Amino acid sequence: MCGIAGLISRQRVKENGKRIKQGIVLQNDRGNGLGAGYAAYGIYPDYADLYAIHVMAMDEESMLEVQSYLQEHFVIQHMEDIPIWNRVIHDHPLVKRFFVEPKESIIKAFPVPVSEDNYTIEKVMAINDRQEGAFVFSSGKDVGVFKGVGTPADIYDFFCLDDYEGYTWLAHNRFPTNTPGWWGGAHPFNLLGWSIVHNGEISSYGINRRYLEGFGYKCRMQTDSEVVAYLLDLLIRRHGLTIEEATLALAPPYWASVEREKDPEVEQRLLALKIIYESAMLNGPFAILAGFDNGMFSITDNTKLRPMTVGLADDYSYFASEVSALYEMEPGLERVITPRAGQPCIVNLDHGAESREAEAPITR
Amino acid sequence: MTQPEVHSSNPPQETQIRPEPGLRSAYRPVFDMSVCDGCGICARECSFNEIRMDTREGKKVPVANRRSCGACHRCEYTCPLGAIHIEENKMALRPHGVWKDSAMQRIHLQAASGAVALTGLGADTEVPNYFDQILFNACQVTNPSIDPQREPMETVTYLGRKAKSLKDVEDIQHFHNALIRLRMPVVFAPMSYGSINLNFQKAMARVAQKKGLLWYSGEGGLHKELYPYRDCVVLQVASGRFGVSQEYLRAGRAYQIKIGQGAKPGIGGHLPGEKVLEGISETRMIPLHSDAISPAPQHDIYSIEDLRLLIYAIKEASGYKPVCVKIAAVHNVAAIASGVVRAGADMIYLDGYRGGSGATPSIVRDHVGIPIELALAAVDQRLRDEHIRDQASIVAAGGIRNSADVMKAVALGADVVAIGTACLLACGCHACQRCSSGKCPWGITTNDPDLSQRLDVDWAEERLTNLLEGWHHEMQEIMGLNGIYDIGSFRGNRLILRGVGLSDRELSILGIQHAGE
């Protein structure tokens, strides 16, 4: 059991973390103090074009090793300790952020053109795979993840999230059961612009992980949830699926429903998605909320063994495990939607500020 | 230590009966004479002439010859009074650590016959069966199991060449045409018309058609009566090219090039002339009563380039139907499989050490090849490492006994599993391993007109259907108790499996953790 909360402003109006904190703290009983975290989009306007690499290290030496690795492969435009307030949480790793861009000389030297994004994820994976005692937990542009072992309120205070202004916020309250409660295992999981929070268990993890390894992703966070962030990167950024197609690939309708589809063109496309992305399909009980540069979406398993609710008010969409948390974030909700099992809800800012897709979730 | 025997110094006396060690059966029928009424059905049903009817005190009685009983249990099942059971015809052999019963009997038999010892079915040795040392996971608390009686539990499987990503699909119609949809990940293994009879093939074909599965022809051609089942048949092109005609190359749903067989890797096949009866001669397109010899290698395939030529020749001739290449699991199977996929195969059929056969030298069956579990794990990993796993489906075969074996194979990475021996057993076979004799008392591996009549097509169809339905329910149960509603999330998901009593080396080849980890 875990708790999830999210909010997004369709006008990209920024606010600090107060409301999301209220939303997740209300769901305190959904966690056990062994993990909590937040992701916020739009918080680094001064460095919006640079990859914001957040690093956790168990000791100074590991942090220096990561720093020199980054220096070797990137131009570090700015770096600083992430501000913390450690009156309540005393036992914590070192946290630092680096605003970087790939070294042009290296990128240009590749015989085959390599995109900056691919270059960056490869380096992030290399650090997480090989570096002892340190890992990257956030690597997107103008986005930051803040997470650790503690209650949602404690982690919020620890990272001083009153001081950040973002237009999309995600929050998670963890109740780890199958994997250890450690700083790297807290949610959100992030890669480039993809951040996910997950409630449940991914029973397909074994094959999802083997599938991702075939594309160069390294799963090193000792928990099943991280595969979702990597799958989004693979399916949407690298394979060019739309958000909607990606939700259909990750949480596909049953074969029986696809085969009942009346439009043969739609049926063939859905079948192809299911056949090609069989190993990417998520199985098991899950409710997942994902943030990306231009929006947010939720998916659940086909039997909806984990809750997800959506609220709408003004130009905002709210997501949470519990309806009460929606009202905690916005008492004046215009509408509350309970997505049916397997039904994705998508807010895509690319479709313009008028987009109200979450209001009419994709129907199966 | 036992004392050496004290031998008489007298030379042995010449006797009338010359003893022939080896010509003695290991089993014998036992008759309950208080029940038997001497009707003689047992003597008629026994195709090995083990039972003869004698007259004792004016009464007809069955008598066992004790020379040819192989424990097929046909007499036991057909005796209307239930007066027969089979016992081991045990010899009190002095125990010996090296010269065990089976080793001794083999020598006696060969000394008596002077031939290569032939046998049927798959290896019956004590080589580890890794399926028995693998256990499944199950849901507890954090991930609820799913009840297949209440929720959808899907086992739909697509075979053939897929794609790495949706954008790689240029023509979606073409993409779908190249794939075969199965209702569950089980197909019928190739068994040729000749090695089995038309009745049995017909039963498999009917079930495959009804259940949305595939059956494989084996290297015996496609009998004209089976053309109605062409939409679910994988037709074989093997080293003898039997039955391969223009029509044949258009008829199948897919084609299989047979390179090797798990029961006899590296050797060919031989259907003796006396078994080449009318139907077989016509279907195989060879003269009546001529030996049908399948050479060990395909004589137009001496290298991987040659295989590529044949794959594409068949694709061209068949209108681009999927092509499957069947190889036996041998030491270097992963590298071979990679080559086969790169040569253009859309499916790779792996036949393991325990794979069955209608006739194979037992020395080859029992001593050549590797178990399917290891071969499958190695091939699946190798194709993934080389980023070509999407290009071909893996069919795993060779000693699959139950639905748990099927699901373990799927979790190790198989797209689909092929069953052969299990189908024979479903239709009465008792694994007496005398398929090559052509005298199968159950009417399965025989084309003798009288014996093959014993296998009723409708009955066999029902038995096979029952078996598959039972397995299907069990497979869904295993998925559900793992909280997985779609077989796709089971496939290659080795975290579901744990090994028991396996070495680190074995675990690492299988790609699974040990129980307790």
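## Starting in a loop of chain A

A:Arg12 sits in the loop between β1 and α1 of chain A. Its phi is near 55°, a positive value in a residue other than glycine. Keep in mind as you look around that this is a predicted model.

A:Pro188 belongs to the loop between β8 and β9 (189–191) of chain A. Why point out these two places? Most residues other than glycine have a negative phi, and most peptide bonds are trans.

## The seven-stranded sheet of chain A

Now turn to the strands. Strands of a sheet pair through backbone hydrogen bonds, either parallel or antiparallel. In chain A, seven strands make an open sheet, and the order across it is β7-β2-β8-β1-β14-β13-β15, with antiparallel pairing. Which strands stand at the edges? They are β7 (143–148) and β15 (335–337) of chain A, each of which pairs on one side only. On average, and ignoring direction, neighbouring strands of this sheet are turned by 10° against each other.

You can follow one pair in detail. Strand β1 (residues 3–9) of chain A and strand β8 (residues 168–173) of chain A run antiparallel and are joined by six bridges. As an example, the bridge partner of A:Ala5 in β8(A) is A:Ala171. Helix α1 (residues 18–25) of chain A packs on this sheet, where it touches β1, β2 (36–41), β8 and β14 (316–320) of chain A. The direction of α1 makes about 155° with that of β1(A).

## Two helices crossing in chain A

How do we describe helices that pack together? Two packed helices are described by the angle between their axes and the distance between the axes. For α6(A) and helix α7 (residues 226–238) of chain A, the angle is about 45° and the axes are 10 Å apart. The two helices, α6(A) and α7(A), are therefore oblique to each other. Their crossing, that of α6(A) and α7(A), is left-handed.

Which residues make the contact? From α6(A) come A:Tyr205, A:Asn208, A:Arg209 and A:Leu212, and from α7(A) come A:Val227, A:Tyr230, A:Leu231 and A:Leu234. Sorted by class, the contact of α6(A) with α7(A) has six nonpolar residues, one polar and one charged.

## Where chain A meets chain B

Helix α6 of chain A has a part in the contact between the chains as well. Between the two chains, 32 residues of chain A are in contact with 34 residues of chain B. On the side of chain A that touches chain B, the elements giving two or more residues are α6 (205–213), α9 (255–260) and α10 (264–276) of chain A. Which of them gives the most? That is α10(A), with seven residues. By class, this side of chain A has 14 nonpolar, 14 polar and four charged residues.

## The domains of chain B

Chain B is assigned two domains: domain 1 (27–115) and domain 2 (131–514). The C-alpha centres of these domains of chain B lie 35 Å apart. Nine residues of domain 1 of chain B are in contact with seven residues of domain 2 of chain B. The domain 1 side of this contact in chain B has four nonpolar, three polar and two charged residues.

## A sheet and a helix pair in chain B

Chain B has an open sheet of three strands in the order β6-β20-β21, with mixed pairing. β6 (134–136) and β21 (513–514) of chain B stand at the edges with a single partner strand each, so one side of each is left without a neighbour in the sheet. Three bridges link β6(B) with strand β20 (residues 497–499) of chain B in the antiparallel sense. Here B:Leu135 has B:Arg498 of β20(B) as its bridge partner.

To finish, look at helix α12 (residues 403–412) and helix α15 (residues 457–481) of chain B, whose axes come within 9 Å and cross at roughly 50°. That makes α12(B) oblique to α15(B). The crossing of α12(B) and α15(B) is right-handed. B:Ser403, B:Ala404, B:Val406 and B:Met407 of α12(B) make the contact with B:Trp471, B:Glu474, B:Met475 and B:Ile478 of α15(B). By class, the contact of α12(B) with α15(B) has six nonpolar residues, one polar and one charged.

Technical notes. Residues numbered from 1 in each chain as written. Chains lettered and ligands numbered in written order. Predicted model: local features only at pLDDT ≥ 70, side-chain atom pairs only at ≥ 80, totals over all residues. Domains from an automatic or database assignment. Nonpolar A, V, L, I, M, F, W, Y, C, P; charged D, E, K, R; others polar. Pairing = 2+ DSSP bridges. Helix = DSSP H or I, 4+ residues; strand = E, 2+ residues; numbered from the N terminus. Axes fitted to C-alpha atoms, helices over the stretch in contact; angles between N-to-C directions. Parallel < 35°, antiparallel > 145°, perpendicular 65-115°, else oblique. Left-handed = near helix turned anticlockwise from the far one by under 90°.
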